Amino acid sequence: MRTLYTALLYLLAPLVLLRLAWRCLRYPDYRQCWAERFGAIHPAVGEQVIWIHAVSVGEVQAAESMIRALLDQYPEYSILMTTVTPTGAAHVAELFDGEVAHVYAPYDLPDVVARFIDRVRPRLAIVMETELWPNLFRACRRKKIPLLLVNARLSEKSLAGYRRFRTLIGKTLEDVTQIAARTSLDAEHFRSLGADPDRIRVTGNLKFELHIPPGLHEKAALVRLDWGVGRPVWIAGSTHEGEDELILDVFRELRKTISDCLLVLVPRHPERFAGVAELCRHRGYRCVLRSERLPCEPDTAVFIGDSMGELLLFYAAADVAFVGGSLVDAGGHNMLEPAALGIPVVTGPHVSNFSGICRLLLKAGACRQVVNTAELQDTVRCWLQDSGERHRVGDRGRVAVEQNRGALATVLGMIDHYLQT
């Protein structure tokens with residue numbers, strides 16, 4: 001089955017190159033991917049390497065606490081991160097400021113994977129969340145490199161897709177040394193695909209180990225000065241195409257009763273920053289972009305967060321947080337970031353990527369899930385006008401995050417076992 005999979009990949013290689021070329025034309029940051037995605041890398045790492053793969057921003061964020069602990073506890077090791085997207089690469093640079101090396105992940109072709117591994121020679125491989133690559137995993141097994149799936153998750157949607165290729169996925173999971181599953185349900189999903197139950201351990205969710213940078217609240221206070229200390233502020237973070245229009249519809253209605261309300265709008269993908277700003281202006285709103293480094297005037301209606309790595313800062317400076325990718329069917333984004341900061345969270349109906357976290361926050365009374373823009377409008381208005389309720393909901397979120405920490409210690413114990421053997 002893996003032979004057929006590999007043959008298909010080679011047949012599709014010309015199309016992959018065309019797609020990469022198209023992306024380079026639209027997004028110049030992809031140009032750096034070319035050589036690295038085919039294994040032609042020169043990582044600035046030492047003799048002992050821990051290799052961590054995280055697809056993009058969300059996975060990098062989930063790995064942050066683990067990486068910081070590894071940097072502290074294993075100074076004799078170098079850490080190399082791979083991502084697939086330029087936004088993921090930028091987030092690595094933003095978070096770790098040169099302490100962690102980065103290259104783009106290799107395509108899952110046998111010769112490419114072999115070239116990558118021969119150049120990196122990792123002592124341990126850690127793959128975040130749900131990435132399953134048959135040739136890469138087999139190469140690690142042949143080279144006797146322990147391979148850990150960390151913060152491993154399988155949504156119902158992903159499970160249904162993988163079941164179509166159960167034989168291939170089952171063989172791929174045989175090459176995994178250990179699976180650190182987020183929940184017992186995730187563990188059961190991996191077992192149903194053929195993973196050895198003895199190699200699966202439920203560790204909890206690393207996303208609860210959210211790292212709050214020192215001085216974040218002080219920096220947030222300065223941002224709030226620029227926004228207007230006395231103004232009600234709500235943030236729509238990680239919004240997707242088609243969602244910004246809905247948010248602006250809600251904002252229009254909110255301003256009828258809260259006329260000085262400021263909307264902080266942070267699109268998920270940087271290539272959409274300019275388009276979202278233009279959309280706001282077309283709706284008649286005066287905007288300030290983060291990149292302009294200007295304070296908001298009283299007649300500024302929308303602040304556009306057109307920067308990378310600052311969403312947590314913007315959440316900390318806001319009064320109410322809507323977490324995007326949930327009014328449109330994009331699976332939602334991480335609700336724990338504002339919750340950990342004590343900011344009340346509202347999300348839409350589409351949260352398949354974070355369904356467990358959403359259930360936990362709803363049960364704790366730290367989040368509200370709305371089904372349409374009318375309910376979103378009512379929730380945001382209520383919280384902006386009722387500071388007591390807003391703070392009660394925010395405090396519940398902070399407590400819920402704190403009570404669910406613990407995954408990091410378990411994962412670090414697993415890593416230490418394989419580094420010592």
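The legends below go with close-up views of a predicted model.

**View 1. The second largest pocket, with a volume of about 630 Å³.** Of the 22 residues that line this pocket, Tyr5, Leu132, Trp133, Tyr162 and Ile169 are the closest to its centre. Three helices each supply at least two lining residues: H1 (2-26), H7 (156-163) and H8 (166-174). H1 gives the largest share of the lining, with five residues.

**View 2. The largest cavity, holding about 50 Å³ of space.** How many cavities of 30 Å³ or more does the structure hold? There is one. Gln61, Ala62, Glu64 and Ser65 are among the residues that line the largest cavity. Leu206, Lys207, Glu209, Leu210 and His211 belong to the lining as well, and so does Asn334. Sorted by class, the lining of this cavity comprises three nonpolar, four polar and three charged residues.

**View 3. Helix H11 (residues 243-254) and its buried residues.** The twelve residues of H11 reach 17 Å from first C-alpha to last, close to the 16 Å expected at 1.5 Å a residue. Buried here are Glu243, Asp244, Ile247, Leu248, Val250, Phe251 and Leu254. They lie on the same side of H11, because they cover an arc of only 160° around the axis. An α-helix has 3.6 residues a turn, so residues three or four places apart point the same way. The cover over the buried residues of H11 includes strands E8 (233-239), E9 (262-267), E11 (302-304) and E12 (320-323), along with helices H12 (273-282) and H16 (373-385).

**View 4. Leu376, a residue of helix H16.** Is Leu376 buried or exposed? Its relative accessibility is 0%, so Leu376 counts as buried. Leaving out residues up to four places away in sequence, Leu376 touches Ile247, Val250, Phe322, Leu327, Val346 and Val370.

**View 5. His53, placed in strand E1 (residues 49-53).** With a relative accessibility of 3%, below the 20% cut-off, His53 counts as buried. Which residues does His53 touch, not counting those up to four places away in sequence? They are Thr82, Thr83, Val84, Ala105, Ile126, Val127, Met128 and Glu131.

**View 6. Helix H18 (residues 407-420) and what its buried residues pack against.** H18 has 14 residues and reaches 20 Å between its first C-alpha and its last, close to the 20 Å expected at 1.5 Å a residue. The buried residues of H18 are Ala407, Leu408, Val411, Leu412, Met414, Ile415, Tyr418 and Leu419. Why do they share a side of H18? Their arc around the axis is only 160°, which puts them on the same side. Ala409 and Gln420 are exposed on the other side of H18. The buried residues of H18 pack against E1 and helix H3 (57-73), as well as strands E4 (124-128), E5 (147-152), E6 (178-181) and E7 (200-202). E1 is the strand that holds His53.

How values were computed
Residues are numbered from 1 along each chain as its sequence is written. This is a predicted model: local features need pLDDT of at least 70, side-chain atom pairs count only at pLDDT 80 or more; totals for chains, interfaces and linings use all residues. Side-chain values use heavy atoms; hydrogens and water are left out. On a 1 Å grid over the protein atoms alone, a cavity is a set of points where a 1.4 Å probe fits but cannot get out, and a pocket is an open set with protein on both sides within 12 Å along at least five of seven lines; lining residues have an atom within 4 Å of a point. Grid points are joined across faces, edges and corners, and a volume is the space filled by probe spheres set on the points. Helices (H or I, at least four residues) and strands (E, at least two) are DSSP runs, numbered from the N terminus. Ala, Val, Leu, Ile, Met, Phe, Trp, Tyr, Cys and Pro count as nonpolar, Asp, Glu, Lys and Arg as charged, and the others, Gly among them, as polar. The expected span of a helix is 1.5 Å times one less than its number of residues. Buried means under 20% relative accessible area, exposed over 50%, partly exposed in between (1.4 Å probe, protein chains only). The arc is that of the directions from the helix axis to the C-beta atoms. Contact means heavy atoms within 4.5 Å.
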